Amino acid sequence: MKRLLFLILLCTPLLFTSCIEDNYYGSVDTYYLDVRQTDWKGVGTYGQQGYILEAAFDVGFITQDIINSGAVLVYLVDDQLGDMQLPYVLTRTVGGVKVIEVLSYQIWAGGIAFMIDDSDYRADPYTGTTTFKIVVIR
């Protein structure tokens, strides 16, 4: 009987603490950003270790508050394959050699940069216009 009373006294507070409701309902905003072929800039020396392509933009919707307590998700928009979340990794063959390409991003308060990094250090800009979907969760 003492054991049963002890278990009841021990478990009763757990019932009340497990029923606490979190009333946070954040908002989700979606933005689209077009990157033209001429927006890509080389960083480093082409063909040398560390070479990447970067396209950086000032955007007002990424704030310090979002960085501290929100989230930013980025997708490459492709009409045929659907939206692909970054970082995106693909393998292709160039001149009989397999090359790994990584498309990634970096954010800061007021800005975003997209980066292309190839394992052969010869990243080429995407032709035409590339559209990115940016989802901001507050």
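Reader: Which residue is the bridge partner of serine 104 in S8?

Author: Strands of a sheet pair through backbone hydrogen bonds, either parallel or antiparallel. In this predicted model, serine 104 has methionine 115 as its bridge partner in S8. That bridge belongs to the pairing of S7 with strand S8 (residues 111-118), which is antiparallel and extends over 8 bridges.

Reader: How many bridges join strand S6 to strand S7?

Author: Strand S6 (residues 88-94) and strand S7 (residues 97-108) are joined by 7 bridges and run antiparallel. Valine 94 has valine 97 in S7 as its bridge partner. Between the strands of this hairpin lie 2 residues, and glycine 95 adopts a positive phi near 60° there.

Reader: In what order do the strands of this sheet lie?

Author: The sheet is open, and its 5 strands follow the order S2-S3-S8-S7-S6 with antiparallel pairing. Strand S2 (41-43) and S6 are at the edges; each has a single partner strand, so one side of each lacks a neighbour in the sheet. On average, neighbouring strands of this sheet are turned by 30° against each other, direction ignored.

Reader: What is the order of the open sheet of 4 strands?

Author: That sheet has the order S1-S9-S4-S5, and its pairing is antiparallel. Its edge strands are strand S1 (28-36) and strand S5 (84-85), each of which pairs on one side only. S1 is joined to strand S9 (residues 129-137) in the antiparallel sense by 9 bridges. Within S9, valine 136 stands opposite aspartate 29.

Reader: Where do the side chains of a regular strand point?

Author: As a general idea, the side chains in a regular strand alternate between the two faces of the sheet.

Reader: How many helices and strands does the protein chain have, and in what order do the elements run?

Author: The protein chain has 2 helices and 9 strands. From the N terminus on, its elements run α-β-β-β-α-β-β-β-β-β-β.

Reader: What share of the contacts with a separation of 6 or more comes from residues 24 or more positions apart?

Author: In the protein chain, such residues account for 62% of those contacts. As to burial, 27% of the 138 residues count as buried, that is, under 20% relative accessible area. The protein chain exposes about 9,400 Å², of which carbon and sulfur atoms supply 57%.

Terms used: Residues are numbered from 1 along each chain as its sequence is written. This is a predicted model: local features need pLDDT of at least 70, side-chain atom pairs count only at pLDDT 80 or more; totals for chains, interfaces and linings use all residues. Side-chain values use heavy atoms; hydrogens and water are left out. Two strands pair if DSSP finds at least two bridges between them. Buried means under 20% relative accessible area, exposed over 50%, partly exposed in between (1.4 Å probe, protein chains only). Contact means heavy atoms within 4.5 Å. Accessible areas come from the Shrake-Rupley method with a 1.4 Å probe; for residues, only the protein chains shown count as cover. Axes are lines fitted to C-alpha atoms, for helices over the stretch in contact, and angles run from 0 to 180 degrees between N-to-C directions.
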